[in-house]
Amino acid sequence: AVKGRPADHPVMRAIAEQLRDEHPGTPSGPFFLPATGTDSRFLRARGIPSYGFSPFLILTTDTVHVDNPNERIALPGYSQGVGFYARLVERIAQAGG
């Protein structure tokens with residue numbers, strides 16, 4: 001069985017801080033989504049601690065494509081997510097995580 005990772009891990013704290021910094025007042029979570037799977041599941045199966053995280057803002061109109069062939073999101077949400085993720089990785093690297 002694949003074990004979960006602690007929600008108070010430094011990476012999870014960095015994600016929460018980045019979300020607060022860039023989207024103040026916006027609720028986040030849940031941190032466990034049982035109906036989804038990320039590529040992290042392959043790393044976890046090999047015993048490598050991993051977190052699945054998507055930095056992309058999904059527009060309501062994009063939800064009709066979720067979990068379908070040719071799944072896609074709008075370009076602005078994708079572009080903003082790439083920038084968010086880059087800043088998050090930099091934050092984690094600076095913290096030594």
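**Entry 1: a starting question**

Leaving aside its neighbours within four places in sequence, with which residues is Arg72 in contact? I looked this up and found that Arg72 is in contact with Asp62 and His65 once those neighbours within four places are left aside, where contact means heavy atoms within 4.5 Å.

I note before going on that this is a predicted model, in which local features need pLDDT of at least 70 and side-chain atom pairs count only at pLDDT 80 or more, while totals for chains, interfaces and linings use all residues. Residues are numbered from 1 along each chain as its sequence is written, and side-chain values use heavy atoms, with hydrogens and water left out.

**Entry 2: the chain as a whole**

I looked up the elements and found three helices and zero strands in the protein chain; both are DSSP runs numbered from the N terminus, helices being H or I with at least four residues and strands being E with at least two. Read from the N terminus on, the elements run α-α-α.

I then looked up burial, and buried residues make up 14% of the 97 residues in the protein chain. Buried means under 20% relative accessible area, exposed means over 50%, and partly exposed lies in between, with a 1.4 Å probe and protein chains only. Of the contacts between residues at least 6 apart in sequence, 58% join residues at least 24 apart.

**Entry 3: the loop between H2 and H3**

I went back to Arg72, which is found in the loop between H2 and H3 and counts as partly exposed because its relative accessibility is 47%. The C-alpha atoms of Arg72 and Asp62 are separated by 7.1 Å, although these residues are 10 residues apart along the chain.

His65 is also found in the loop between H2 and H3, and with a relative accessible area of 23% it is partly exposed. Leaving aside its neighbours within four places in sequence, I found His65 in contact with Glu71 and Arg72.

Phe56 is found in the loop between helix H2 (40-45) and H3, and its relative accessible area of 26% makes Phe56 partly exposed. Not counting residues up to four places away in sequence, Phe56 touches Ile73, Gly77, Tyr78, Gly81 and Val82. I also checked Phe56 against Ser79: the two are 23 residues apart in sequence, and 8.2 Å apart in space from C-alpha to C-alpha.

**Entry 4: how H1 meets H3**

Two packed helices are described by the angle between their axes and the distance between the axes. I found that helix H1 (residues 10-22) and helix H3 (residues 75-94) pack at an angle of about 130°, with their axes 10 Å apart. The axes are lines fitted to C-alpha atoms, for helices over the stretch in contact, and the angles run from 0 to 180 degrees between N-to-C directions.

H1 and H3 are therefore oblique to each other, since angles under 35 degrees count as roughly parallel, over 145 as roughly antiparallel, 65 to 115 as roughly perpendicular and the rest as oblique.

I next listed the residues that make the contact: on H1 they are Val11, Ala14, Ile15, Glu17, Gln18, Leu19, Asp21 and Glu22, and on H3 they are Phe84, Arg87, Leu88, Arg91 and Ile92. These residues divide into seven nonpolar, one polar and five charged; Ala, Val, Leu, Ile, Met, Phe, Trp, Tyr, Cys and Pro count as nonpolar, Asp, Glu, Lys and Arg as charged, and the others, Gly among them, as polar.

Gln18 is found in helix H1 and is buried, with a relative accessible area of 5%. Not counting residues up to four places away in sequence, Gln18 touches Phe84, Arg87, Leu88 and Arg91.

**Entry 5: the nonpolar core**

In soluble globular proteins, nonpolar side chains tend to be buried together. I looked up the largest nonpolar core here, and its seven residues are Val11, Met12, Ala14, Ile15, Phe84, Leu88 and Ile92; such a core is a set of buried Ala, Val, Leu, Ile, Met, Phe, Trp, Tyr and Cys residues joined through side-chain atoms within 4.5 Å. H1 and H3 each supply at least two residues of this core, and H1 gives the most, with four residues.

Ile15 touches Phe53 and Leu88, not counting residues up to four places away in sequence.

**Entry 6: Tyr85**

Tyr85 lies in helix H3 and counts as partly exposed at 41% relative accessibility. Not counting residues up to four places away in sequence, Tyr85 touches Phe53 and Pro55. The C-alpha atoms of Tyr85 and Ile15 are separated by 9.4 Å, and these residues are 70 residues apart along the chain.
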